[in-house]
Amino acid sequence: MKSFINVSDIGPLDKAMAEAFEIKNDRFKYQHLGKNKTLMMIFFNNSLRTRLSTQKAAMNLGMNVIVLDVNAGAWKLETERGVIMDGDKSEHLLEAIPVMGCYCDMIGVRSFAGLTDREYDYAETVLNQFIKYSGKPVFAMETATVHPLQAFADLITIEEYKQVARPKVVLTWAPHCRALPQAVPNSFAQWMNAADVDFVITHPEGYELDPKFVGNARVEYNQKKAFEGADFIYAKNWSNPGVTNLADYGKITSKDMSWTVDTEHMSWTNNGKFMHCLPVRRGLIVTDDVIESKNSIVIPEAANREISCSVVIKRMLEAM
(Lines give C-alpha, C1' and ligand atoms only; values in the text may rest on other atoms or scores of the structure.)
Protein backbone atom coordinates (compact mmCIF):
# COMPACT_ATOMS: atom_id res chain seq x y z
CA MET A 1 0.00 0.00 0.00
CA LYS A 2 1.74 3.16 -1.25
CA SER A 3 -0.94 5.62 -0.15
CA PHE A 4 -4.00 5.63 2.09
CA ILE A 5 -6.83 8.03 1.38
CA ASN A 6 -10.03 6.08 0.71
CA VAL A 7 -11.60 2.84 1.87
CA SER A 8 -10.60 1.17 -1.40
CA ASP A 9 -6.93 1.58 -0.44
CA ILE A 10 -7.26 -0.81 2.51
CA GLY A 11 -8.40 -3.77 0.41
CA PRO A 12 -10.92 -6.35 1.66
CA LEU A 13 -12.54 -5.00 4.80
CA ASP A 14 -12.82 -8.37 6.49
CA LYS A 15 -9.04 -8.83 6.33
CA ALA A 16 -8.40 -5.28 7.54
CA MET A 17 -10.76 -5.78 10.47
CA ALA A 18 -9.16 -9.09 11.41
CA GLU A 19 -5.78 -7.39 11.34
CA ALA A 20 -7.10 -4.57 13.51
CA PHE A 21 -8.21 -6.95 16.24
CA GLU A 22 -4.97 -8.90 15.98
CA ILE A 23 -3.02 -5.70 16.57
CA LYS A 24 -5.36 -4.63 19.37
CA ASN A 25 -4.57 -7.91 21.09
CA ASP A 26 -0.80 -7.38 20.71
CA ARG A 27 0.14 -3.82 19.77
CA PHE A 28 3.87 -4.54 19.56
CA LYS A 29 3.72 -7.74 17.51
CA TYR A 30 5.06 -6.04 14.37
CA GLN A 31 7.57 -3.75 16.04
CA HIS A 32 10.36 -5.14 13.87
CA LEU A 33 8.79 -3.68 10.72
CA GLY A 34 9.58 -0.09 11.64
CA LYS A 35 13.11 -0.53 12.94
CA ASN A 36 15.37 2.24 11.58
CA LYS A 37 12.40 3.74 9.68
CA THR A 38 11.12 7.27 10.21
CA LEU A 39 7.59 8.64 9.95
CA MET A 40 7.16 12.36 9.34
CA MET A 41 3.83 13.77 10.48
CA ILE A 42 2.98 17.12 8.89
CA PHE A 43 0.22 19.26 10.40
CA PHE A 44 -1.26 22.25 8.63
CA ASN A 45 -4.03 22.28 11.24
CA ASN A 46 -4.51 21.57 14.93
CA SER A 47 -4.87 18.03 16.20
CA LEU A 48 -5.20 16.05 19.41
CA ARG A 49 -6.36 12.49 18.67
CA THR A 50 -4.75 12.27 15.25
CA ARG A 51 -1.41 13.50 16.47
CA LEU A 52 -1.28 11.32 19.57
CA SER A 53 -2.74 8.15 18.07
CA THR A 54 -0.60 8.27 14.92
CA GLN A 55 2.58 8.87 16.84
CA LYS A 56 1.71 6.07 19.27
CA ALA A 57 0.92 3.68 16.41
CA ALA A 58 4.23 4.43 14.70
CA MET A 59 6.15 3.94 17.94
CA ASN A 60 4.34 0.63 18.54
CA LEU A 61 5.65 -0.46 15.14
CA GLY A 62 9.23 0.50 16.05
CA MET A 63 9.43 3.72 14.01
CA ASN A 64 11.16 7.00 14.76
CA VAL A 65 8.77 9.94 14.50
CA ILE A 66 9.27 13.55 13.39
CA VAL A 67 6.39 15.98 13.89
CA LEU A 68 6.22 19.23 11.96
CA ASP A 69 3.58 21.84 12.81
CA VAL A 70 3.72 23.95 9.67
CA ASN A 71 2.00 26.97 11.21
CA ALA A 72 4.09 26.96 14.39
CA GLY A 73 7.57 25.74 13.55
CA ALA A 74 8.30 26.24 9.85
CA TRP A 75 8.40 28.87 7.14
CA LYS A 76 4.97 29.84 5.90
CA LEU A 77 4.30 27.71 2.84
CA GLU A 78 2.86 28.77 -0.49
CA THR A 79 0.69 26.09 -2.11
CA GLU A 80 -0.42 27.81 -5.32
CA ARG A 81 1.47 27.58 -8.60
CA GLY A 82 2.29 30.63 -10.70
CA VAL A 83 2.20 33.15 -7.87
CA ILE A 84 4.66 35.98 -7.19
CA MET A 85 5.83 35.21 -3.67
CA ASP A 86 6.05 38.78 -2.40
CA GLY A 87 3.85 38.20 0.65
CA ASP A 88 4.41 36.51 4.00
CA LYS A 89 5.00 33.02 2.56
CA SER A 90 8.73 32.34 2.32
CA GLU A 91 8.86 28.83 0.88
CA HIS A 92 6.91 26.97 -1.77
CA LEU A 93 5.43 23.59 -1.04
CA LEU A 94 7.04 22.25 -4.23
CA GLU A 95 10.51 22.71 -2.70
CA ALA A 96 9.48 21.89 0.85
CA ILE A 97 7.90 18.54 -0.01
CA PRO A 98 10.93 16.84 -1.60
CA VAL A 99 13.11 18.22 1.19
CA MET A 100 10.78 16.63 3.76
CA GLY A 101 10.99 13.39 1.79
CA CYS A 102 14.77 13.38 2.25
CA TYR A 103 14.40 13.00 6.00
CA CYS A 104 11.87 10.20 6.32
CA ASP A 105 10.53 6.92 4.96
CA MET A 106 6.81 7.70 5.21
CA ILE A 107 4.68 10.83 5.46
CA GLY A 108 1.35 11.53 7.14
CA VAL A 109 -0.38 14.75 6.08
CA ARG A 110 -3.15 16.70 7.81
CA SER A 111 -4.62 19.61 5.86
CA PHE A 112 -8.17 20.93 6.11
CA ALA A 113 -10.46 22.39 3.49
CA GLY A 114 -10.31 26.12 2.92
CA LEU A 115 -14.11 26.09 2.43
CA THR A 116 -14.00 28.88 -0.13
CA ASP A 117 -13.13 27.07 -3.37
CA ARG A 118 -14.91 23.74 -3.70
CA GLU A 119 -13.02 22.70 -6.82
CA TYR A 120 -9.66 23.32 -5.13
CA ASP A 121 -10.68 21.47 -1.95
CA TYR A 122 -12.23 18.48 -3.68
CA ALA A 123 -9.19 18.13 -5.98
CA GLU A 124 -7.16 17.43 -2.79
CA THR A 125 -4.54 19.84 -4.10
CA VAL A 126 -2.22 19.81 -1.07
CA LEU A 127 -2.32 16.06 -0.41
CA ASN A 128 -1.77 15.17 -4.05
CA GLN A 129 1.34 17.35 -4.18
CA PHE A 130 2.81 15.29 -1.34
CA ILE A 131 1.98 12.07 -3.16
CA LYS A 132 3.51 13.36 -6.39
CA TYR A 133 6.65 15.10 -5.15
CA SER A 134 7.74 13.51 -1.86
CA GLY A 135 8.91 10.22 -3.30
CA LYS A 136 7.59 8.49 -0.17
CA PRO A 137 4.43 6.61 0.84
CA VAL A 138 1.80 9.09 2.01
CA PHE A 139 -1.30 8.63 4.16
CA ALA A 140 -4.08 11.05 5.03
CA MET A 141 -4.37 12.25 8.62
CA GLU A 142 -7.48 14.18 7.47
CA THR A 143 -7.60 16.18 4.29
CA ALA A 144 -9.91 18.67 2.60
CA THR A 145 -12.47 15.94 1.87
CA VAL A 146 -11.67 12.75 3.82
CA HIS A 147 -10.57 11.42 7.21
CA PRO A 148 -10.05 7.69 6.60
CA LEU A 149 -8.18 6.91 9.83
CA GLN A 150 -11.20 8.16 11.78
CA ALA A 151 -13.70 6.23 9.67
CA PHE A 152 -11.66 3.03 9.99
CA ALA A 153 -11.59 3.48 13.78
CA ASP A 154 -15.36 4.12 13.73
CA LEU A 155 -15.92 0.83 11.93
CA ILE A 156 -13.73 -1.05 14.41
CA THR A 157 -15.79 0.45 17.24
CA ILE A 158 -19.10 -0.49 15.64
CA GLU A 159 -17.86 -4.04 15.17
CA GLU A 160 -16.95 -4.22 18.87
CA TYR A 161 -20.25 -2.86 20.16
CA LYS A 162 -22.85 -4.18 17.73
CA GLN A 163 -25.55 -6.47 19.12
CA VAL A 164 -26.93 -7.65 15.78
CA ALA A 165 -25.21 -8.98 12.70
CA ARG A 166 -26.25 -6.05 10.50
CA PRO A 167 -26.79 -2.96 12.69
CA LYS A 168 -28.58 0.19 11.65
CA VAL A 169 -26.09 3.06 11.60
CA VAL A 170 -27.26 6.66 11.29
CA LEU A 171 -25.06 9.62 10.40
CA THR A 172 -26.84 12.74 11.59
CA TRP A 173 -26.00 16.37 10.96
CA ALA A 174 -26.08 18.60 14.04
CA PRO A 175 -25.74 22.37 14.45
CA HIS A 176 -22.44 24.16 15.06
CA CYS A 177 -21.20 27.72 15.56
CA ARG A 178 -18.39 27.41 12.99
CA ALA A 179 -18.20 26.25 9.39
CA LEU A 180 -16.64 22.79 9.43
CA PRO A 181 -15.32 20.61 6.58
CA GLN A 182 -17.15 17.58 5.23
CA ALA A 183 -14.14 15.27 5.64
CA VAL A 184 -15.41 13.21 8.59
CA PRO A 185 -18.95 12.64 7.27
CA ASN A 186 -17.58 11.95 3.79
CA SER A 187 -15.27 9.22 5.02
CA PHE A 188 -17.79 7.82 7.47
CA ALA A 189 -20.30 7.48 4.64
CA GLN A 190 -17.69 5.91 2.37
CA TRP A 191 -16.67 3.30 4.95
CA MET A 192 -20.22 2.49 6.07
CA ASN A 193 -21.21 1.92 2.45
CA ALA A 194 -18.38 -0.58 2.18
CA ALA A 195 -19.36 -2.36 5.42
CA ASP A 196 -22.26 -4.70 6.11
CA VAL A 197 -24.56 -2.22 7.87
CA ASP A 198 -27.94 -0.62 7.25
CA PHE A 199 -26.73 2.92 6.65
CA VAL A 200 -28.84 6.08 6.79
CA ILE A 201 -27.79 9.73 6.46
CA THR A 202 -30.02 12.46 7.87
CA HIS A 203 -29.61 16.23 7.56
CA PRO A 204 -31.57 19.37 6.70
CA GLU A 205 -32.39 19.88 3.05
CA GLY A 206 -29.55 21.59 1.22
CA TYR A 207 -26.84 19.83 3.21
CA GLU A 208 -26.47 16.90 0.80
CA LEU A 209 -22.99 15.36 0.77
CA ASP A 210 -21.20 14.71 -2.49
CA PRO A 211 -22.88 11.77 -4.26
CA LYS A 212 -19.57 9.92 -4.59
CA PHE A 213 -19.50 9.61 -0.79
CA VAL A 214 -23.23 9.12 -0.23
CA GLY A 215 -23.16 6.08 -2.49
CA ASN A 216 -26.02 3.70 -1.77
CA ALA A 217 -26.88 5.20 1.60
CA ARG A 218 -30.49 6.05 2.32
CA VAL A 219 -30.95 9.80 2.81
CA GLU A 220 -33.73 10.81 5.18
CA TYR A 221 -34.59 14.46 5.88
CA ASN A 222 -36.84 13.58 8.82
CA GLN A 223 -34.40 13.09 11.71
CA LYS A 224 -36.88 11.24 13.92
CA LYS A 225 -37.72 8.80 11.18
CA ALA A 226 -34.02 8.23 10.52
CA PHE A 227 -33.32 7.53 14.21
CA GLU A 228 -36.09 4.97 14.61
CA GLY A 229 -34.62 1.55 15.41
CA ALA A 230 -31.02 2.76 15.06
CA ASP A 231 -28.26 0.82 16.80
CA PHE A 232 -25.64 3.55 16.37
CA ILE A 233 -26.02 7.32 16.10
CA TYR A 234 -23.02 9.15 14.66
CA ALA A 235 -23.48 12.89 15.16
CA LYS A 236 -21.37 15.35 13.19
CA ASN A 237 -21.72 18.86 11.87
CA TRP A 238 -20.59 19.80 8.40
CA SER A 239 -20.84 23.09 6.53
CA ASN A 240 -22.86 23.26 3.35
CA PRO A 241 -21.20 20.98 0.75
CA GLY A 242 -22.42 23.13 -2.12
CA VAL A 243 -23.90 20.15 -3.98
CA THR A 244 -27.32 21.71 -4.61
CA ASN A 245 -26.04 25.29 -4.69
CA LEU A 246 -22.33 25.90 -5.31
CA ALA A 247 -22.59 29.44 -3.92
CA ASP A 248 -23.41 27.93 -0.49
CA TYR A 249 -20.20 25.88 -0.32
CA GLY A 250 -18.53 26.12 3.08
CA LYS A 251 -21.28 28.26 4.55
CA ILE A 252 -23.55 27.74 7.55
CA THR A 253 -27.01 27.72 6.03
CA SER A 254 -28.77 26.18 9.03
CA LYS A 255 -28.40 26.49 12.80
CA ASP A 256 -31.51 24.47 13.61
CA MET A 257 -31.07 23.49 17.26
CA SER A 258 -33.80 20.86 16.98
CA TRP A 259 -31.12 18.66 15.39
CA THR A 260 -29.00 18.63 18.58
CA VAL A 261 -28.86 15.04 19.86
CA ASP A 262 -30.50 14.85 23.27
CA THR A 263 -32.19 12.20 25.41
CA GLU A 264 -35.43 12.45 23.46
CA HIS A 265 -33.57 11.86 20.19
CA MET A 266 -31.84 8.80 21.60
CA SER A 267 -35.18 7.46 22.89
CA TRP A 268 -36.21 7.00 19.25
CA THR A 269 -33.40 4.48 18.74
CA ASN A 270 -32.98 0.81 19.55
CA ASN A 271 -31.06 1.60 22.74
CA GLY A 272 -28.53 3.09 20.34
CA LYS A 273 -24.91 3.90 21.03
CA PHE A 274 -23.79 7.49 20.60
CA MET A 275 -20.68 8.22 18.53
CA HIS A 276 -18.70 11.33 17.62
CA CYS A 277 -15.17 11.83 16.31
CA LEU A 278 -14.32 14.53 18.90
CA PRO A 279 -13.72 17.30 19.75
CA VAL A 280 -17.41 17.94 20.30
CA ARG A 281 -19.27 21.14 21.16
CA ARG A 282 -21.59 20.21 24.01
CA GLY A 283 -24.99 21.82 23.84
CA LEU A 284 -24.72 22.17 20.06
CA ILE A 285 -23.91 18.71 18.72
CA VAL A 286 -25.01 16.75 21.78
CA THR A 287 -26.28 17.35 25.29
CA ASP A 288 -24.28 16.49 28.41
CA ASP A 289 -26.62 13.71 29.45
CA VAL A 290 -26.20 11.87 26.15
CA ILE A 291 -22.43 12.12 25.81
CA GLU A 292 -21.99 11.16 29.45
CA SER A 293 -24.47 8.27 29.31
CA LYS A 294 -23.58 4.58 29.42
CA ASN A 295 -24.44 4.39 25.72
CA SER A 296 -21.82 6.94 24.75
CA ILE A 297 -18.82 5.21 23.18
CA VAL A 298 -16.85 8.28 22.13
CA ILE A 299 -13.83 7.36 24.30
CA PRO A 300 -13.44 3.76 23.03
CA GLU A 301 -13.97 5.20 19.56
CA ALA A 302 -11.08 7.63 20.09
CA ALA A 303 -8.91 4.85 21.52
CA ASN A 304 -9.39 2.85 18.34
CA ARG A 305 -7.65 5.58 16.37
CA GLU A 306 -4.40 4.00 17.51
CA ILE A 307 -5.52 0.67 16.09
CA SER A 308 -6.72 1.91 12.72
CA CYS A 309 -3.50 3.84 12.23
CA SER A 310 -1.41 0.83 13.26
CA VAL A 311 -2.98 -1.27 10.50
CA VAL A 312 -2.36 1.42 7.90
CA ILE A 313 1.27 2.05 8.85
CA LYS A 314 1.93 -1.70 9.09
CA ARG A 315 0.57 -2.22 5.57
CA MET A 316 2.73 0.61 4.25
CA LEU A 317 5.84 -0.71 5.96
CA GLU A 318 5.25 -4.16 4.51
CA ALA A 319 5.04 -2.65 1.02
CA MET A 320 8.47 -0.98 1.29
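These legends describe close-up views of a predicted model.

**View A. Arginine 49, a buried residue without a salt bridge.** Arginine 49 sits in helix H2, which covers residues 49-60. The nearest side chain of opposite charge belongs to glutamate 301, 8.9 Å away. Leaving aside neighbours within four places in sequence, arginine 49 contacts Thr54, Cys277, Leu278, Pro279, Ala302 and Arg305.

**View B. The cis peptide bond from leucine 278 to proline 279.** Omega is near 0 degrees here. Proline 279 lies in the loop between strand E12 (273-275) and helix H12 (288-291). Leu278 and Pro279 are both among the contacts of arginine 49.

**View C. Leucine 115, a non-glycine residue with positive phi.** Its phi is about 65 degrees. Leucine 115 is in the loop between strand E6 (106-110) and helix H5 (118-122). Leucine 115 counts as buried because its relative accessibility is 12%, and buried means under 20%.

**View D. Glutamate 142, a non-glycine residue with positive phi.** Phi is about 105 degrees at glutamate 142. The residue belongs to the loop between strand E7 (138-140) and helix H7 (148-161). With 7% relative accessibility, glutamate 142 counts as buried.

**View E. Valine 219 in strand E10.** The strand spans residues 218-220. Valine 219 has 33% relative accessibility, so it counts as partly exposed. Not counting residues up to four places away in sequence, valine 219 touches Ile201, His203 and Val214. Threonine 143 is 76 residues from valine 219 along the chain, and their C-alpha atoms are separated by 24 Å.

Technical notes: Residues are numbered from 1 along each chain as its sequence is written. This is a predicted model: local features need pLDDT of at least 70, side-chain atom pairs count only at pLDDT 80 or more; totals for chains, interfaces and linings use all residues. Side-chain values use heavy atoms; hydrogens and water are left out. Helices (H or I, at least four residues) and strands (E, at least two) are DSSP runs, numbered from the N terminus. Buried means under 20% relative accessible area, exposed over 50%, partly exposed in between (1.4 Å probe, protein chains only). Lys and Arg count as positive and Asp and Glu as negative; His and the chain ends are not counted. A salt bridge is a side-chain nitrogen of Lys or Arg within 4 Å of a carboxyl oxygen of Asp or Glu. Contact means heavy atoms within 4.5 Å.
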